[in-house]
Amino acid sequence: MSTMQEYIVTNGRIFTGDSEQPFVDAFAVSSGRIGALGSLDEVRASLQSEPEIIDLAGSFAMPGLVDVHAHLGLGGRQLAFELPVLPSDDVAEIAVKVRDWSKNLAPGEWVVGGIVGSTVMDDLTHMDLATLDEAADGRPVLLRDDTMHNRWVNSAALEILGIDETSHAPKGGSYVRDRDGRLNGVLTELACGPAEAAVMDTVVDIADFHARAFTTAVKTLNSYGITAVQESATMDYALRTLHDIDEAGELTAHVVASMPSRPFLEEGINGEELYDVGDQNHSEHVHPTFAKYVLDGVPMTRTAALIHPYRCNHPDDDPNFTGEPLWDADELTSSLLALVDRGLNAKLHATGDGAVRMILDAVQEVRRLRGWTARFHIAHVEFVHDDDLNRFAELGVVPDASPYLWFPSVMQESMKKQVPAETFDRSWPLRRLVESGAAVSGGSDWPCAAPTPDPWTGLATLITRANPDSTVPGQLNAEEALTIDQAIAAFTRNPAEAMGLGDETGMLRAGMSADFIVLDRDLFTVDPAAIHETTVCRTYFEGRLVYEAESDRA
């Protein structure tokens with residue numbers, strides 16, 4: 001890492017993200033903070049000594065990106081330890097990968113990996129389960145889907161979990177059966193927790209495992225230009241691991257934690273007991289200031305709470321079924337009031353427009369009774385009823401949008417099979433949210449939908465609303481496209497403010513953390529269709545060089 005204490009960045013196009021001074025010729029960095037900004041002469045004159053110079057050589061520099069929604073533990077362990085599967089892989093391709101991966105494992109060792117596409121998960125049968133069994137050669141298998149809400153396990157894993165054809169799933173989850181009424185190995189929602197716990201029980205050095213996973217995750221974020229992130233389902237082990245990494249001086253991003261308020265996809269403590277662990281693990285760069293609420297599931301498994309009924313795809317489908325929220329409205333309001341009284345904020349998962357409305361109603365009551373101090377995010381705002389769009393700005397609720405979930409993900413194909421056209425055709429209404437005054441904030445939701453937290457694909461699709469792959473035609477609700485300025489704000493200053501870090505990062509402004517990146521292209525002049533190809537040349541966190549592309553190294 002670079003350890004220069006004082007230097008000037010100049011000789012390139014520098015975008016600050018600060019509306020009062022959006023572009024400058026130079027800026028100073030001193031002891032990890034931004035100093036003067038302006039012309040090179042003005043910046044030189046602000047310093048007492050002759051500083052070193054970082055010569056951009058004509059490159060484009062901007063604030064480090066801010067990811068408002070990622071799962072560092074899952075993403076980091078996937079990159080560090082697990083079998084990579086592409087969402088586009090079919091069952092045969094998955095079986096080949098499982099078979100090849102198994103060759104390097106001990107007998108009985110778990111095959112763990114992902115990501116299985118929703119379009120595959122939709123139609124799995126007991127014959128596909130048999131294919132997975134054969135590929136694993138007796139080893140248990142756990143594969144995560146592109147929503148991270150569901151798992152596909154094989155028969156050896158089902159046996160370890162004590163699940164057979166007569167078993168009943170836990171409340172809030174299911175053991176999926178195919179059209180013949182046979183188990184296909186798919187576990188949904190809260191049925192996934194015991195499977196994840198069974199895998200973790202086999203890890204010998206759990207502390208080292210977590211440390212390597214989170215370190216890998218943060219270094220990967222840095223490589224994509226991300227210097228601040230909201231970890232969106234933060235368990236007790238994650239809080240302790242991140243705290244220890246930070247105390248060792250090795251955490252190279254600001255991390256805001258979101259602690260599950262109830263049992264989630266991983267087994268462990270939650271609610272007040274977990275919040276206490278958060279209180280004990282605040283550190284310079286770790287901020288356990290949010291609770292995580294899950295209001296519904298996902299549309300693909302018809303567990304999202306909608307306003308209009310799901311499509312009827314089978315003769316026995318209920319034509320009035322809208323999905324079931326996981327919270328009662330009064331219960332949610334009471335819980336949020338208690339959370340605000342504790343001094344915490346809330347990130348609330350809601351993939352259905354019915355769940356979104358329930359949250360907005362609850363926040364309206366919280367605002368009436370407790371005022372405007374607490375922060376509220378709704379993730380993922382795929383579906384928002386027209387009547388509720390203006391309420392985000394009116395109530396100070398942040399739309400946490402994950403554009404990677406629409407392109408290049410296959411999720412949309414699966415959603416379209418389930419969600420009524422009147423809802424689907426208005427999906428991701430981000431332009432109208434921005435125009436209403438809502439602070440739309442971008443997140444990767446990594447490792448959901450994609451194997452990396454690459455923000456450039458997400459930023460590009462906010463503008464193009466099209467798949468970066470030119471061979472895939474069409475746009476998704478194209479009238480909701482954002483401008484380049486709006487898209488960059490959604491990945492810098494908006495999420496920083498939403499996370500409570502608006503005075504620390506997300507812009508280049510005097511006194512703020514010197515978190516900035518150097519790119520291979522000017523985002524304001526390049527064709528938006530090429531933004532997804534953006535390469536980060538260098539990433540600086542608190543003034544230190546924490547990532548440098550191979551091509552930039554001397």
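**Ground rules**

I am working with a predicted model, where local features need pLDDT of at least 70, side-chain atom pairs count only at pLDDT 80 or more, and totals for chains, interfaces and linings use all residues. I number residues from 1 along each chain as its sequence is written, and side-chain values use heavy atoms, with hydrogens and water left out.

**Entry: cavities**

I looked up the cavities first. A cavity here is a set of points, on a 1 Å grid over the protein atoms alone, where a 1.4 Å probe fits but cannot get out; its lining residues have an atom within 4 Å of a point. Grid points are joined across faces, edges and corners, and a volume is the space filled by probe spheres set on the points.

I found three cavities of 30 Å³ or more. Of its 30 lining residues, His71, Thr147, Met148, His149 and Cys448 are the closest to the centre. Helices H2 (72-81), H9 (236-247) and H14 (411-418) are the elements that give two or more residues to this lining. I take helices (H or I, at least four residues) and strands (E, at least two) as DSSP runs, numbered from the N terminus.

I then sorted that lining by class: 16 nonpolar, eight polar and six charged residues. My classes count Ala, Val, Leu, Ile, Met, Phe, Trp, Tyr, Cys and Pro as nonpolar, Asp, Glu, Lys and Arg as charged, and the others, Gly among them, as polar.

The second largest cavity has a volume of about 40 Å³. Its lining includes Phe214, Lys219 and Glu250. Helix H8 (residues 206-223) gives the largest share, four residues.

**Entry: strand S16**

Which strands pair with S16? I count a pair if DSSP finds at least two bridges between the strands. Five bridges join S15 (residues 286-294) to S16, running parallel, and Lys292 stands opposite Lys347. Five bridges also join S16 to S17 (residues 376-380), again parallel, with Ala350 partnered by His380.

The chain goes from S15 through helix H11 (residues 329-342) to S16 in a right-handed β-α-β crossover. Right-handed means that, with the strands pointing away from the viewer, the path from the first strand over the helix to the second runs clockwise. S16, helix H12 (residues 353-370) and S17 make a right-handed β-α-β unit.

Technical notes: On a 1 Å grid over the protein atoms alone, a cavity is a set of points where a 1.4 Å probe fits but cannot get out, and a pocket is an open set with protein on both sides within 12 Å along at least five of seven lines; lining residues have an atom within 4 Å of a point.
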